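Hi,

Here is the structure I promised to pass on.

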Amino acid sequence: GCCQGKSTDPIHLEAAKALLQRFTYVLDQECLERGMQAMSKDLGFKLSPGRRKPPNRQESYRERIGYDDVYQFLMERNKLDIELYQWAKQITLVKCNN
């Protein structure tokens, strides 16, 4: 299998990056509504405004999890997933920080 948590071979990370680079549109779930609006404008169709409530981002992920050992376990286990997400944010249609 390809995915073994923290034992996943980094070759799968590179394969995922190569696949994402082939997509015309990559959207970030952190600002999905803005991404969908930008994509619909680019494609020339009208998208109804979303009804999603923006997430409350006052607490850090560590604070939301509440246990340092669990947080560290999740960070280590999902290291390549986190790396892929950070990389993918560079190629998204809309940059959430802007």
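Predicted model: local features only at pLDDT ≥ 70, side-chain atom pairs only at ≥ 80, totals over all residues.

Part of the cover over the buried residues of α5 comes from α1 (11–21). The buried residues in question are Leu84, Trp87 and Ala88, in a helix that runs over residues 79–88. These three residues take up an arc of only 95 degrees around the axis, so they sit on the same side of α5.

Now for the whole chain. What is the secondary structure made of? There are five helices and zero strands, and along the sequence the pattern reads α-α-α-α-α. The radius of gyration is 16 Å, well over the 13 Å that the globule rule gives for 98 residues, so the protein is more spread out than a compact globule. If you want dimensions, the C-alpha trace spans about 45 × 35 × 20 Å along its principal axes.

How many of the 98 residues count as buried? That figure is 16%. As for contacts, take those between residues at least 6 apart in sequence: 61% of them join residues at least 24 apart.

The accessible surface comes to about 8,000 Å², and carbon and sulfur atoms account for 52% of that.

Cheers

Notes. Residues numbered from 1 in each chain as written. Heavy atoms only, no water. Helix = DSSP H or I, 4+ residues; strand = E, 2+ residues; numbered from the N terminus. Rg over C-alpha atoms; globule rule 2.2 N^0.38 Å. Buried < 20%, exposed > 50% of the residue type's maximum accessible area, 1.4 Å probe, protein only. Contact = heavy atoms within 4.5 Å. Areas by Shrake-Rupley, 256 points an atom, 1.4 Å probe, with all protein chains shown as cover. Arc of directions from axis to C-beta.
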